[in-house]
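I opened my notebook today to get to know a new structure. Here it is, so that you can follow along.

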Amino acid sequence: MLELKSVEKTVGIETHIHPTDLTLEPGSFNILLGTTLAGKTTLMQLMAGLERPTSGEVWFNGKNVTGVAVQKRNVSIVYQQFINYPNMTVYENIASPLRVARMSGQEIEKRVGGLAEMLRISSMLDRRPSELSGGQQQRCAIARALAKESEMILLDEPLANLDFKLREELRDELPRIFQERDCVVVYATTEPTEALLFGGKTAAMHHGRVIDFGPTGQAYRQPVNLLAAKVFSEPPINTASITKKGARFVLNDKVHWPVPDRLKSLRDGAYTMGIRPHHVSPLKVGETPVAVEGIVHIAELSGSESMIHFDAYGDSWVSLSHGVHPFDAGAKATLYADVSRCLYFDEDERLVAVSEQREAV
Amino acid sequence: MARITLSKLRHSYFPVPYKEEHWALKQLDLEWEDGGAYALLGPSGCGKTTLLNIISGLLVPTEGQILFDGKDVSHLPPEKRQIAQVFQFPVVYDTMTVRDNLAFPLRNRRVPEAEIAERVREIAEMTDLTPTLGNRASHLTADGKQKISLGRGLVRTDVNAILFDEPLTVIDPHLKFRLRAKLKELQQRIALTMIYVTHDQTEALTFADRVVVMNMGEVVQIGTPSDLFDRPHHTFVGHFIGSPGMNVLPCAIDNGKAVVAGHVIETANRISKDAALTEVGVRPEFVSLASQGLEARIVRVSDAGRFRIVSTECAAGPVKLLAGDDIEIPADGARLRFDPANTRIYADGWLAGSEADR
């Protein structure tokens, strides 16, 4: 178990990580989600002991390891750039941490064979990294990270430099690979979809802070505040200022809808609604479709899906729907927001309640 | 602006190519209309960069010709082809202002200053750079810098085409989304021939009117985004386009019909000729859980937010399907139904039968 206790990192007058408390369970898969410069890499370096916190403590399995160098901790790291030893074969690359640990030759052979099979590079063991594709090189780096029985594995955007399809393939395989380990896994990504597909727990990060942390499905469906909802939405979540007036939520005199029973006790006043693009459609679908009139900015059609960017009542909106729905730029359009899928935020931008409570995944 | 024709084009990096695999680019005939939006889509090493370099003039093709408006330019150096390029990493002059960056290609061509000012104003407006014109380029974000690269290409009035080489790869997802829409908007506004090279299907399919899908030096299919999604001509296209890609299962053939693990599968096409390898292809979008059909075991359900991806294993191999929140997923055994209108037979990788010849 990894515990960060009020860990802070400042460099000169800049704060890279604001005081952070975070507990990662053994055997858990944890995602750090945020844009470039959100602080994901710095937080990982603090976890690994590559950086020393300015204040606060790092505990691992009940021991204070603050300031203990990475070499003295049982940690593996996989970086975005595939790092392998160029003049060693794939076999020797994977075996290298085991040789350092003075494992017997027979044991090494068994371990490397098993890892290569799991990562589907068995037929490439005699080759050098330069003879492999990018995806295979990254598999080799991952196999090496898995070779020693680390208590913690950190992966810093490991798929970012790979082709789209290879990324898809490894996204599929990684959860399976980590399933049988009881180490703490930490995975940094800029992509909400990647976080969702991995499951586990997600920490949404913004400007050096962990702003939300919980089971991934819950962090996605019930983000703690508007900022966390934005970090966890791609394409961006649509937002609009609304008012609760008695039994109705009012966007303007044309667009309003009944307040769901569960939210009737909310006091009247100003709120912000958030609705993800896939709950806004050119078709009248969903549980509670409410018509939104807009001017189309651009329609991106991908062959199976339509992404319609439009302006409505002073806000930019995006709709993402199945099927091909062409619109000319500048055209008037009616789109339907399924308000049963809305998120509502109060004046402090904290989530007040969701329209449809769901079980956390 | 120009129509671009590739005629019997072939390229090899070997001095004397004598084997099929020596060709990095296999024979290619293509016509790109003036003002069209095109994409070259394929995995690393598929030959798309080789083709791009031939168009820009960095490479002279081993065989064949490249024509701009019917004129052979195969041996013209890059600077004589009037092609603008936007690369993966933004190329900007950090010490110059945004305005001077945009003006740079025009000053180089000794365009009168008054004309430059007018043109820069116009392009800055289109690329949303107007508020930052006086700023140093070094202070901009990655997407802002990429807009400058793009603006520098658009500012010239003499360009034949703009080539984009993975222009969004280094941009964060939330900015990528905005810039992608901007590119599409600009393409629609100024009918300039644009060629977009990428491994990312979403970028290719949303940007282009026609997409050229390449694999191992060969063009596998050229079509509109809908063609590629609805009727992949090759299992490679089915797999490469769509996320997750098309399910491909080996099948036996009985009387022209596909048989997967003992089940006759209704398909949109029939097979007429013998083939060494016969397969059935169906996209996850067109597989559903049903009360009867192919038996399968549920292996994993992953939450993609908008839908769930259900991974199953049937006797013939893995099958993925997409399920909305409203669909109940059985814990153990399941039966799969393939939508006949969107299920096809492939022979040795290629779409079988008469449907492909239509």
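**Before starting.** I am working with a predicted model.

**Entry 1: domains of chain B.** I looked up the domain assignment of chain B, and it gives domain 1 as 4-230 and domain 2 as 235-357. I then checked the C-alpha centres of domain 1 and domain 2 of chain B, which lie 36 Å apart. For their contact, I found seven residues from domain 1 of chain B and six residues from domain 2 of chain B.

**Entry 2: the domain 1 side.** Which elements of chain B give two or more residues to the side of domain 1 that touches domain 2? I noted strand 9 (210-215), strand 10 (218-223) and helix 7 (225-230) of chain B. By class, I listed four nonpolar and three polar residues on that side of domain 1 of chain B, with no charged residues.

**Entry 3: strand 17 of chain A.** Next I turned to strand 17 (residues 305-312) of chain A, where seven of the eight residues are buried.

**Entry 4: its pairing with strand 16.** I saw that strand 16 (residues 289-301) of chain A runs antiparallel to strand 17 of chain A, with six bridges joining them. One bridge I looked up pairs E300(A) with M307(A). Three residues sit between the strands of this hairpin, and G303(A) has a positive phi near 100°.

**Entry 5: its pairing with strand 18.** I found eight bridges between strand 17 of chain A and strand 18 (residues 315-322) of chain A, again antiparallel. Here F310(A) has W317(A) as its bridge partner. This hairpin has two residues between its strands, and Y313(A) in the turn shows a positive phi of about 50°.

Technical notes
Residues numbered from 1 in each chain as written. Chains lettered and ligands numbered in written order. Predicted model: local features only at pLDDT ≥ 70, side-chain atom pairs only at ≥ 80, totals over all residues. Domains from an automatic or database assignment. Contact = placed C-beta atoms within 7 Å. Helix = DSSP H or I, 4+ residues; strand = E, 2+ residues; numbered from the N terminus. Nonpolar A, V, L, I, M, F, W, Y, C, P; charged D, E, K, R; others polar. Buried ≥ 20, exposed ≤ 12 C-beta atoms within 10 Å, placed from the backbone. Pairing = 2+ DSSP bridges.
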